[in-house]
Structure formats: C-alpha cells, structure tokens
Amino acid sequence: MIAEIGHYALILALGVAIVQTLLPLLGARLRDPQLAAVAAPAAQMQFVLVGMAFIALMTAYVTSDFSVQNVWRNSHSAKPLLYKISGVWGNHEGSMVLWVLILASFGAGVASFGTNLPRQFKANVLAVQGSIAAAFLLFIITTSNPFVRLDPAPFDGNGLNPVLQDPALAFHPPFLYAGYVGFSMAFSFAVAALIEGRIDAAWARWVRPWTLAAWMCLTLGIAMGSWWAYYELGWGGFWFWDPVENASFMPWLAGTALLHSALVMEKRDALKVWTILLAIITFSLSLMGTFLVRSGVLTSVHAFAVDPARGIFILAIMGFFIGGALTLFAWRAPLLTKGGLFAPISREGALVLNNLLLTTACAAVFVGTLYPLALEALTGDKISVGAPFFNFTFAPLILPLLIAVPFGPLLAWKRGDLMAAAQRLTAAACVALVIAVLLLAFRQRGPWLAPFGIGLGVWLVMGALTEIAYRVKLAHGSPAEAWRRLRNLPRAAYGTALAHSGLGLAVIGIVATTAWRSEAILALKPGDTADIAGYTLAFKGVAPRQGPNYRERVALFEVTRGGKAVTELTPSKREFTVERSATTEAGIHASWRGDLYAVLGDQLKDGAYSVRLYFNPLVRLIWLGALVMFFGGAVSLSDRRLRVGAPKRADAKAIPVAAGK
Amino acid sequence: MTRKQRRGILIGTCLAVLGVAVGLVLFAMRDSIVFFYSPSEVAKMQIAPGQRFRLGGLVETGSVVRGEGTTIRFTVTDRASTLPVTFTGVLPDLFREGQGVVTEGTLEPDGVFHADNVLAKHDENYMPPEVAKKLKAQGVWRGGAEAKTADPQGKMN
C-alpha cells in the first residue's frame, strides 16, 4: 500500500510540475498575473508530493518490505538501520527520487522565501525549475520506477554493496546532489532572465544565496566522497581523477567561478552576459555528471547499473535543457544591456582572472574526462586518461590563481593599486617564503618544488588573515578600535577569509601528502616488526571476529614511536555473507603529523601476510580545509539573508559604470 | 587607459591563458595517455619495452603463483592468447582466478608484463567492460558474467 502511495505521489508530482511549467509561461504571454501566481503554490505542492514519495520509499526500506523490487535488490533485513536508510539512495532509482526531491526543495525554497522577487520573474524562475523537475519525474516513472512490486515477495533481500555501508557514504550523496541540483536554481534564474530579456545587479543578488548554498553542499559532498575513498578503499589516496570524481569536480569549478562573477555583477553591474552563460554552463556540467554516472558510459565505483535506455533518456533531457538554454542565450544575450569595461588592475579585473583560470582549468578536466569516450566512439581505441594528465594540465592552470587569490580582496573596485596591495601582503609573503625556505633547507627527500607548494598554502591562509587585518586597520589605531571594527565587519568578509584560508589548508594537505608520503609493501609474519616514518609496528597476528552482518579477519599491530607506545592498529578484511563480497578496512592512526595507515592483504604461503603501510603527512588538512570552506560559505550566507531583504531593480537611474572614459 | 586598450588587455589575457591550456592539454595527451589492450592484441602488436599500457582479461584459473615476499605471478588470458604478469604488492579484495582483471604496467624484454597496478572490481560477477567488449569482439564471450546489479561497482583505480 505504501509503495502505491509513493508511486501515485510521483505521478501527481509530475502533473503538478507540468502545471508549474506551463501556466506561468502562459500567464506571462497573456499578461495574466493570476496564472503566474500558480507557480509558487505549485512548487510547494510538488515538493510535498515528491517528499511523500521519498518517505514512502524510505518506509519500505526501514520495514524491509521485500515485495518492493528496489528494496529486495538493495537491502537486507540484517542490515543496520542507518544503512537501511542510506540504502534508499545507494541505488539508481532511489537516488533519482532524492535528486528530484532536492530539486523540488530548492523550487519550494524560492517559492516560499523569494518574497522580494518581482512577481512575473519569480513565476518564470519557478516555471523553468518545474520543467526540469517534470523531465526528471518522467524519467523516473518511465525508466526507473522504484516502486515496482515483486510477486511473490522474496524472503530476504540482496543487501547493499558492503563498500557503501559506511557512515560517510551515507551522507555523501545527499550533499553531493544538493550541490549538483542546487545549481539548477542559478540555471532557472538565468533562463528566466533570458526569457524576460533584462538583467541587472539585483539578479545577481537574488541568485547568489542559492548558488552559495549549492556550492557549500557540493564542497562538503566532494570532501566526504574523498574522505570515504581514502579510508574505505584501502588505497590510501584522497583523489584519483576518476571520471566520476571529475564529473562532480567540474560543476564545483564552474560554480566557484559563478560565485565570483556574480559578485562583480552585483557590485559593479558588469560581466552580466558572462555570468548568465556561466550559470547555464554550471548546471549543464551537473547534468552531464548525472548522465556520466547513470548511463553506464563510464565505469567507476560510483557508476550505477548499465542501462542504455536510461542513458539515452538522460542524454535527451541534457540535450533539451543545455541546447535550449544555449539557443535562448544566443538569441537573447545580444539584447541584454552590456556592463562596462573596467581597469585591468581592480577587484573586477582580479575576479575576471579568477573566472578565466577556473573555467580554463575546468575545460582541461572536461577534455581529459571526455576524450577517452570520444576517441572510443570515433576510432574504437580504448585509452585511459589518468592522474598524470590531470596533474600536468590542471596544476599549472590553477597555480597562478592560487598565487593571485590574496590580491583580489585587497584591490579596490573600479581601479585598484597593485603596489599598495603587494605592500600590505609583504608580511604574508615573508611568512610563506620563510616557511618554504626552511622546509627546503631541512628537506631530506621529495621534490624541490614541494616546500614552495606548502609556502603557497601558507600564503593563502596568511593572505586571508591580512585582508581581515587590513579591514580592521590593525596597524593603525588602538586594539580596542580594531576589536570594534572586527565585530562590525560584514559577515561576508569573514566568509571570504574563511573560504580562502580553507583553500590554503587544503593546498598544504594536498602538497604534503603527495610529496612526502611514505609507503611500504611487506610480507610480515606474526612477531615481525616494520618501520615507517619514525613509527615501529609490531605485527602480533591475525584473529577472526564476527560482525553484525559480516565476518572479518583482524590483524593487530602495536605501534610505538621512539620506544613509547602510541596506539594499536587493527586493519581487517571483511567478508560480507549476504552480499558475498569482501572489503578492506584500513587501520588508521591520526595525529597532527599525519595519518599512519595500515592495510591487511592476503595470506602468503609461508604463513606471512602481505601488508601495506602508508604514512600520509598532514592529510587531514585536505578535508579540514574543505570544512573551513563550507563554514566560510555558511557565514557568508548568514550575512546575505540580512542584506538580501531589500534588493531593488535598477530602473532608469542605472548604476554608474567605471569604464568608458 | 583607453577603452580599446582595456579590451585589448582582456582579450589578450584570455587568449594567452587559453593558448597555454591548449598547449598543456596537447602535450599531456601525447605523453600521459595509456592504451588498453587484450593479450591477443599484445601478441599481434609490436609494443616497445617500457611503454605503459593497460592489459585486461581474465585471470587464468590455476595460474596464480605467490613467489618471494609479496611478488605474485599470474597469467591474463582472453581465451585466445595469454600473457604472464608479475606484480609486487597487495592484490585487491576481489582478485580471483577466473575473474576479470585490469592491470597497468609495462611489457619487459623477458616477455612478462610487469604490472604496478592491479584493478579488480568489488563485485563478485564483475567483468571489466573493456574486457567484456574485447571478448565479445573475438567471439569467445560466454555470457553470464555480465550480471547487472544496481549497486555501484568497485573502484577502478
């Protein structure tokens, strides 16, 4: 019964989404405000209906209703409750429902909280949002219905892939989708602006909070995925340039660029056409990610079942929305009023550089991700484009951006003074340089560039602090005065500083781990010891143990450092009985130095075990940095809510533009 | 600074960055791309020793020999040709005889493929799609292994 309610709610939601799309557009044509006013309640209704479907599916999972095929395939009665719940989105059909639920929630959010939007514009935004929902609801109902029944109902289910039974992975997809799908809001705003044929600074102000929220979620989602891959897959790496990882990284790059260009548009009424295009591109990349993961054209840990029908359907949706939006752009963009040009050395100029480098880096990732697919389609040759390609192309493009980041916030709008900014950054540069030189002097191994990479990260963190120090005039005036200014600083300034220093922390973590990681692959017998990065590990042996839904063999290592006991590591190999599958559980000891990471391998014929040991210096800074970026976004968002209260459309009296002398 | 100059600087910077990006991509394309071959293709082709490529196929049943320390030898087959492989390290969880495998490394003059990376998926019935396609193309596909599960599959890398 519950499954039928869910199914019915999905179909109703499709109907509501179609109404939400058509009536407001019709209302715009007929100049009928009442038709346009349908959009908001329709968006809320659609959210309620999709929410019902989602809860219905979740109920089927929690109660282990194996008469629902989707539950039978992906769940098992002996599974812990958390994984019964996360099992809902651990498969293609259920995750699509979550996808649409998030889409609907963003639509309902604009419908409910977007009270300051002009009525017709809001209706158009919701109409575009409704059309995306309609397309994906149709996709779910026709090709991926999660509510299909089985008769007779099987006694028990197939279980969830054991590598997915993990807390970080339980929350990774919801955040990732909130990011992906959240960019649909920027897309809908862009298309609505193109439909109206007018755009101004207020547009950027409306679109920024939604984009920022999506960006935060995507940042956290990617970081969680990386964290999970790090400790669950037993490779000890944090990023593999896997095509599906790239599929989530590209919208992140484009979305980061969008956040910055919207800033220029909001403050200076410039870069308008570019910002619109970027909004379209960002969501297009999200759609492409969805396509790559679900069509089976790529193989990856995250890839879902191979089903050509679904792939073609999503390809059609993608073609319709991307093609439609770009056609509309080509048609209407020339009508939009252009913003002025500005001096190259200015806040605007710095943000243009940011956009240029981010989008170019994104394009390089795009080429590397899609080139193998294109080549196979054209010539039949199978190739893989791995980490070396991305390291070689992405790093040189992003490097100048990282160097430039601290300058941006210190340059004035309209016309900045590069020398003055450089002067203010002298202290930050000195600290970064001293740290780099010290590291270079005491370095025993690793590439000579690595200390400068660390210096770069320090530069970013110090640069962010410099900006705050400059804004509170720390150098001039009393501490009390600085404290007062510090409290009065807009939260957005803190948000920027936090996000930029988070980036710096992540850079330090990435460079340190990549350059100075220690690795050892050994054959150890019980009683043997191994040394790595100053730690001594005594291998005590392997013992069997029974878990809730698995059996495991657990190795015991006693870890000492300089003769003092540090910890015990217990890496294990788990055999999941229901799923007939095995996973490797790494033993990890975290400290401020870095992570000691042990993986148990197979038993060798002479009674020894193959064991892999890593020491990953400062690796946690990568995820800590992402967390700080997320937090920075949140701080900035809390500021916007206060200020977003009163944006006005710029009417006849246009905002003065710097350029054009 | 005139309007024209400002525009010139903007366009110039864009072209310069794009030019660098295209250069980097083309250069990296030449050097860091890895082809995928099956044992039969390796047998037919002249692959220079030291050239990196991915070798995919099935682990031949009964071929896995554990040698000194953590070195493992096994044979990869596509049922038409075979190629011996040696690998030092820890094998993935689902590396099994008779299952699909993708290895990456170089073919050395001794005729043995020295793999430094072995990829096997986390799914019991998993067959790397490249392997499945090549086996199909050679008409030795027996089916059955291409079980469809809705679950995400193991890590390729």
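Okay, let's start with A:Thr63, which counts as partly exposed because it has 13 C-beta neighbours inside 10 Å. The cut-offs there: buried means 20 or more other C-beta atoms within 10 Å of a residue's own, exposed means 12 or fewer, partly exposed is in between, and the C-beta atoms are placed from the backbone. Before I go on, this is a predicted model, where local features need pLDDT of at least 70 and side-chain atom pairs count only at pLDDT 80 or more, while totals for chains, interfaces and linings use all residues. Residues are numbered from 1 along each chain as its sequence is written, and chains are lettered from A and ligands numbered from 1 in the order in which they are written.

So, back to that loop. A:Thr63 sits between α3 and α4 of chain A; helices are DSSP runs of H or I with at least four residues, strands are runs of E with at least two, and both are numbered from the N terminus. A:Ser64 is not a glycine, yet its phi is positive, about 50°. Is A:Ser64 buried or partly exposed? Partly exposed, with 17 other C-beta atoms within 10 Å.

As a reminder, most residues other than glycine have a negative phi, and most peptide bonds are trans. A:Leu271, again not a glycine, has a positive phi near 55°. A:Leu271 is in the loop between α10 (243-268) and α11 (272-295) of chain A, and A:Leu271 counts as buried because it has 24 other C-beta atoms within 10 Å.

A:Pro152 belongs to the loop between α7 (119-143) and α8 (167-196) of chain A.

One more loop residue: A:Ala333, between α12 (308-332) and α13 (347-379) of chain A. A:Ala333 has 18 C-beta neighbours inside 10 Å, so it counts as partly exposed. Which residues is A:Ala333 in contact with, leaving aside neighbours within four places in sequence? Those are A:Val273 and A:Ile276, where contact means C-beta atoms, placed from the backbone, within 7 Å. A:Val273 is 60 residues away along the chain, but the two C-alpha atoms are separated by 6.4 Å.

Now the cores. A nonpolar core here is a set of buried Ala, Val, Leu, Ile, Met, Phe, Trp, Tyr and Cys residues joined through C-beta atoms within 7 Å. The largest has 201 residues, and A:Val100, A:Ala186 and A:Phe189 touch the most other members. Helix α9 of chain A (residues 201-232) gives the largest share of this core, 20 residues. Apart from it there's another core, of 41 residues, including A:Ala586, B:Val59, B:Ile72 and B:Leu107. If we skip residues up to four places away in sequence, A:Phe189 touches A:Val125, A:Trp203, A:Trp206, A:Val207 and A:Ala279.

On to domains. Chain A is divided into domain 1 (1-165), domain 2 (201-401), domain 3 (402-516) and domain 4 (518-617), with bounds from an automatic or database domain assignment. The C-alpha centres of domains 1 and 2 of chain A lie 25 Å apart. Their contact takes 10 residues from domain 1 and 12 residues from domain 2.

What about confidence? pLDDT is the predictor's confidence in each residue, from 0 to 100. Chain A has a mean pLDDT of 87, and 95% of its residues reach 70 or more. Over residues 650-661 of chain A the pLDDT is below 50, and beyond near neighbours in sequence that stretch has 23 contacts in the model.

Last, chain B. Chain B has three helices and seven strands, in the order α-β-α-β-β-β-β-β-β-α along the sequence. Of its 157 residues, 39% count as buried.

Methods:
Two residues are in contact if their C-beta atoms, placed from the backbone, lie within 7 Å.
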